Amino acid sequence: MEKEPTMEKKPVKEKKVTIDPATLEMLEYAQNQGITTPFDRGKIVKPCPIGQEGNCCRVCFMGPCRFVGKVEVGVCGATKETIQARNIARFIAAGAAAHGDHGRNMAMTLLAVAEGKAPGYKIKDVKKLYKVASYLAVETKGKSVEDIAADVARVVLGEYGKQEGELLYVKRAPPKRQALWRKLGIAPRNVDREVVETMHRTHMGTDQDAEHILLQALRCALSDGWGGSMMATDISDILFGTPVPISATSNFGALKEGEVNVVIHGHEPTLAEMLVIEANDPEVVEYAKSKGAKGINLVGMCCSGNELLLRHGVPVVGNFLQQELAIATGAVEAVVVDYQCIMQGIVEAASKTHTRVITTSPIAKITGATHIEFDEHRAPEIAKLILRTAIDAFPNRKDINIPDYLDRLVVGFSHEYIAYMQGGVYRESFRPLNDAIMQGRIRGAAAVVGCNNVHTVHDEAHINLVKEFIKNDVLVVTTGCNAVACAKYGLLTPEVKRYAGPGLSEICEVLGIPPVLHLGSCIDNSRILTILTQCATEGGLGEDISDLPVVGVAPEWMSEKALTIGAYAVASGVYTLFGGVSPVEGSDSTVKMISSGWEELVGGKLEFEPDWRKILEKSLAHIDLKRKNLKLEEYNPTKFARSSTYIPGDVYSDEDFKKGLTTRSGLK
Ligand code: XCC
Ligand code: SF4
């Protein structure tokens, strides 16, 4: 007999979406306020299974051709491998374009500052300017700082479109690596050309050999890592200062009840820096007071957040998936954005509160947002207008709910500082770190970086991996949204060293560093390249980046830029592991091409592994293999006793560390 239909609903077990208690609290609050977030939208919008595995070609309109069922070639005869390679190459080109443009904007600003056309800015790090001038073969003798800066900016701008030779920064890689790139024909020529050529080669009917396309994808990625991104980092340092350690706070608790809260979100530091200056202008502060606020409180989000955090100690409220949640607190007067990783959903969220979303980049508007276009030639005036717009919203506040979570942290470990901390000005080097790796006190290093993604549990893989790495004596460097995740869980404090393995813990104690080093924004992954180069050329750990016992991990990635970063890490010789599904999953042979295939060519490989435990296993196995190849002593976790002289942390209990929670109270 057929079963009677019943109205009774089975209780649906909600999938865990985040490990972050502040996010959980805010999700419930947002729902009550009628504000939707990516966590909600992710339940409705399911990924297209064909596109997810890279099995759809959309480069001409005889298609789109979907490789399902018995389909083995597209209408034009293109094979699955070809279309897969084309797809991933195009993602990489888009990421390189994004970082490249960022670098170009920085160079334009440097030029304007050098020519005296950008009031309010000045060259903060003259030492770094000289250093960069030497990389770019810019003559410095007898020239003023401004003239050198102008020439540096012009050479950098020239790097985008020059027709001859290769990128000047290629010479910053270990000599062996440079030779390999030249041999393979993948030394990048200029930033724009590699992107344009990748788009051309992946146009219908052009490059139709998967391995050949993928080689260009690597060259394009290298033009980002050793080009666009590296130049962006260098110029940001010249203009705004090279990071040195600074303490700060993070999490929603950084929002202040009685103040005008302005969230700065996006990527470029230029406007953000001016907002920091203008938020302290007595006139602006007075204006805020006239509207009933005690003052102005700037906080950051995503990579703009990282930039402000590491140069000014401006607190960072959250990472990628938390942008609508910050608005949902009802305590944010304005979200000021430029470009990249800004969800269009924030405008809808803001419509439910008094928050103003202010777009500022000439290339990025959002329907329904207020556009106040930034121009570095009039920065102070524009920054003031933005702050006034935020202040004007303050009296319109309704209900507010600021979750009581605040964490402290130490950030700002630039390559320059890491060298300095190992010997001071008179003897800076990487000798102590290299020695520690050689002795096995430090087993190896992991760069844990990248985004959040609704297809993974928010922050879970980020935090668990970082904790497991340091427990296993693996030094961690972090950028991007992983860095923000680490910030929120107290993993960026020196006290965390007591949870690190004994060898790593001792090194941290001696050098006075946390076992997790925050290096900056995603652009600043270029810092990892120069650090690896110095480790490889310092002596004792081989001669090339591919010799080093290191891995790169992006456990919760989502953006095209992440793929570009992954690809330039691979092309630089790093074994790189991403969480989630491979964008070429639909073809075993393409999966092989980017893993063992690329490894044979460039010594690094790209793998996708959804389970963070397996990422850990593979990473440790790789680190141990590299140690063995270098003929270093086998890593022995019990060889070094835990030193007893450390100052015990007062923030975490062992129990809390295991649970992934830190104590959040008492910091305000
Ligand atoms: Fe964006 Fe740079 Fe990813 Fe975070 S980590 S989601 S790219 S903000 Ni770059
Ligand atoms: Fe289909 Fe070929 Fe056109 Fe791609 S290029 S959509 S495979 S016909």
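User: In the loop between which two strands does N251 lie?

Analyst: This is a predicted model, in which local features need pLDDT of at least 70 and side-chain atom pairs count only at pLDDT 80 or more, while totals for chains, interfaces and linings use all residues. Residues are numbered from 1 along each chain as its sequence is written, chains are lettered from A and ligands numbered from 1 in the order in which they are written, and side-chain values use heavy atoms, with hydrogens and water left out. Helices (H or I, at least four residues) and strands (E, at least two) are DSSP runs numbered from the N terminus, and on that basis N251 lies in the loop between β3 (246-250) and β4 (260-266).

User: What is the phi of N251?

Analyst: Most residues other than glycine have a negative phi. N251 is a residue other than glycine with a positive value, and its phi is near 95°.

User: Which peptide bond is cis, with omega near 0°?

Analyst: Most peptide bonds are trans. The bond with omega near 0° runs from G63 to P64.

User: In what order do the six strands of the open sheet stand?

Analyst: Strands of a sheet pair through backbone hydrogen bonds, either parallel or antiparallel. Two strands count as paired if DSSP finds at least two bridges between them, and here the pairing is parallel, with the order β13-β12-β11-β14-β15-β16. Since each pairs on one side only, the edge strands are β13 (516-520) and β16 (606-608).

User: What is the average twist from one strand of this sheet to the next?

Analyst: Axes are lines fitted to C-alpha atoms (for helices over the stretch in contact), and angles run from 0 to 180 degrees between N-to-C directions. From one strand to the next, the twist averages 25°.

User: Which residue of β14 stands opposite A446?

Analyst: Strand β11 (residues 444-448) and strand β14 (residues 550-554) run parallel and are joined by four bridges. In β14, the residue opposite A446 is V551.

User: In which cavity does ligand 1 sit?

Analyst: On a 1 Å grid over the protein atoms alone, a cavity is a set of points where a 1.4 Å probe fits but cannot get out, and a pocket is an open set with protein on both sides within 12 Å along at least five of seven lines, lining residues having an atom within 4 Å of a point. A molecule sits in either if more than half of its atoms lie within 2 Å of its grid points. Residues around ligand 1 (one heavy atom within 4 Å) include H267, C302, C303, C451, C481 and C522. By the criterion above, ligand 1 sits in the largest cavity.

User: How much space lies in the largest cavity?

Analyst: The lining of the largest cavity has 45 residues, of which A447, V449, V477, N525 and I528 lie nearest its centre. Elements including β11, β12 (474-479), β14 and β15 (575-578) each supply at least two residues of this lining. Grid points are joined across faces, edges and corners, and a volume is the space filled by probe spheres set on the points, which for the largest cavity comes to about 550 Å³.

User: How many nonpolar residues are in the lining of the largest cavity?

Analyst: Ala, Val, Leu, Ile, Met, Phe, Trp, Tyr, Cys and Pro count as nonpolar, Asp, Glu, Lys and Arg as charged, and the others, Gly among them, as polar. The lining of the largest cavity has eight polar residues and one charged, and its nonpolar residues number 36.

User: What is the volume of the cavity in which ligand 2 sits?

Analyst: Ligand 2 sits in the second largest cavity, which is lined by 13 residues, C57, C60, C65, C76 and R86 lying nearest its centre. The residues around ligand 2 include these five, along with M62 and M204 among others. The second largest cavity has a volume of about 80 Å³.

User: Which helix gives the most to the lining of the largest pocket?

Analyst: The largest pocket, with a volume of about 1200 Å³, is lined by 34 residues, among them P47, Q52, N453, H455 and M558 nearest its centre. Four helices, α2 (38-44), α3 (49-52), α4 (80-114) and α22 (560-571), each supply at least two residues of that lining. With three residues, the one giving the most is α4.

User: How many charged residues are in the lining of the second largest pocket?

Analyst: The second largest pocket has a volume of about 660 Å³, and of its 26 lining residues, K131, Y135, H415, E416 and E428 lie nearest the centre. Its lining holds eight nonpolar and eight polar residues, and the charged ones number 10.
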